[in-house]
Amino acid sequence: MIPIIQREPLSSRTLSTLKGYQSEIDEKKTYADQIVEANRLWNSRKRNVCFREIKSALTDMCSGAKRCCYCEDSLADEIEHIWPKNFYPEKTFLWENYLYVCGPCNGPKGNQFAIFESTDTTYIVLNHSEEGHINRPPLGRPVFINPREENPLDFLWLDVMGKTFVFTPLEEDNSLISYHKASYTIRVLRLNTRSALVAARKNAYSNYRARLREYVSQKNQGHPTEELQNFIRGIKTEHHPTVWYEMKRQHAHIPELAELFQIAPEALEW
């Protein structure tokens with residue numbers, strides 16, 4: 001789950017178009033009608049000219065070759081509503097509510113969402129009544145980590161030292177809100193239960209290490225800066241950037257990395 005850096009804002013024309021779309025939803029009198037209108041308008045307008053610019057901007061937020069902002073592995077080809085439009089129709093056409101993700105992440109995440117209603121760690125999982133009574137969610141803060149507003153690495157820890165390459169909460173104290181945000185997000189996105197993702201992170205570690213070793217070798221041989229930049233670009237565009245971030249965060253405890261970063265301390269800034 002990559003840290004998202006906000007790129008150039010959308011054009012005023014596109015933002016105005018989104019605002020107009022949203023107003024059509026907001027003017028509906030009931031919450032249930034707003035949900036119906038949100039889905040109708042989204043399905044009819046998500047492929048129009050306005051969304052060409054949106055998709056281009058979202059692509060810039062992806063890692064590597066348009067990789068999913070959640071799993072960092074698969075092709076990002078679906079626009080995800082971080083706050084689900086079936087619970088928050090007022091955020092259907094909100095630019096800040098979008099991410100580019102892959103189907104295997106977007107499908108299971110879907111409408112899964114939970115909020116903290118108070119300052120303690122108790123949270124409620126949202127759902128609409130099976131009896132057909134649809135009510136607005138109570139006010140609260142999201143449990144799911146929002147990478148448009150939060151750095152996932154402030155909550156998550158990827159085990160590089162132990163070479164398991166699974167995510168755990170950064171804070172192990174279950175009395176902390178951060179622990180529950182991490183645990184909930186890991187579970188909803190199935191970041192550890194999809195074995196292919198764990199294997200891909202292991203491969204990414206080997207790739208990053210190989211690129212760093214080659215960079216150090218070329219640097220020691222006195223190759224020009226222009227050639228060394230190729231290795232830097234390769235690292236910056238590799239899949240699974242969280243693996244690289246964790247290699248930097250944990251390098252002092254991993255002898256093979258400690259040695260490489262000692263020779264090339266500038267790599268800690270990449």
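Let's settle one term before anything else: a residue is buried when its relative accessible area is under 20%, exposed when that area is over 50%, and partly exposed in between (1.4 Å probe, protein chains only). What you have here is a predicted model, in which local features need pLDDT of at least 70 and side-chain atom pairs count only at pLDDT 80 or more, while totals for chains, interfaces and linings use all residues. Residues are numbered from 1 along each chain as its sequence is written, and side-chain values use heavy atoms, with hydrogens and water left out.

Now the overview. The protein comes to nine helices and seven strands, where helices (H or I, at least four residues) and strands (E, at least two) are DSSP runs numbered from the N terminus. Its C-alpha atoms fill a box of roughly 70 × 45 × 30 Å along the principal axes. Of the 270 residues, 46% count as buried. Taking contact as heavy atoms within 4.5 Å, 69% of the contacts between residues at least 6 apart in sequence join residues at least 24 apart.

Start with helix H9, residues 255–263, where Leu 257, Leu 260 and Phe 261 are buried. They cover an arc of only 95° around the axis, so they sit on the same side of H9; the arc is that of the directions from the helix axis to the C-beta atoms. An α-helix has 3.6 residues a turn, so residues three or four places apart point the same way. On the other side of H9 you'll find Pro 255, Glu 259 and Gln 262 exposed. The cover over the buried residues of H9 includes helix H6 (195–220) and helix H8 (241–250).

Those two helices also meet each other. The axes of H6 and H8 come within 9 Å and cross at roughly 60°, which makes H6 oblique to H8. For the bookkeeping, axes are lines fitted to C-alpha atoms, for helices over the stretch in contact, and angles run from 0 to 180 degrees between N-to-C directions; under 35 degrees counts as roughly parallel, over 145 as roughly antiparallel, 65 to 115 as roughly perpendicular and the rest as oblique. Residues making the H6–H8 contact include Tyr 205 and Tyr 208 of H6 and Trp 244 and Met 247 of H8.

Compare helix H1 (residues 12–26) and helix H3 (residues 50–61): they pack at about 115° with their axes 10 Å apart, and are therefore roughly perpendicular to each other. Among the residues in this contact are Leu 18 and Tyr 21 of H1, plus Phe 51 and Ile 54 of H3.

On to the strands, which pair if DSSP finds at least two bridges between them. Strand E1 (residues 78–81) and E2 pair in the antiparallel sense over four bridges, with His 81 bridged to Tyr 98 in E2. Strand E2 (residues 98–101) is covered on both faces: Tyr 98 and Tyr 100 are buried on one side, Leu 99 and Val 101 on the other.

Elsewhere, three strands form an open antiparallel sheet in the order E4-E3-E5. E4 (123–125) and E5 (141–142) stand at the edges with a single partner strand each, so one side of each is left without a neighbour in the sheet. Helix H5 (residues 177–189) packs on this sheet, touching E3, E4 and E5, and its direction makes about 180° with that of E3.
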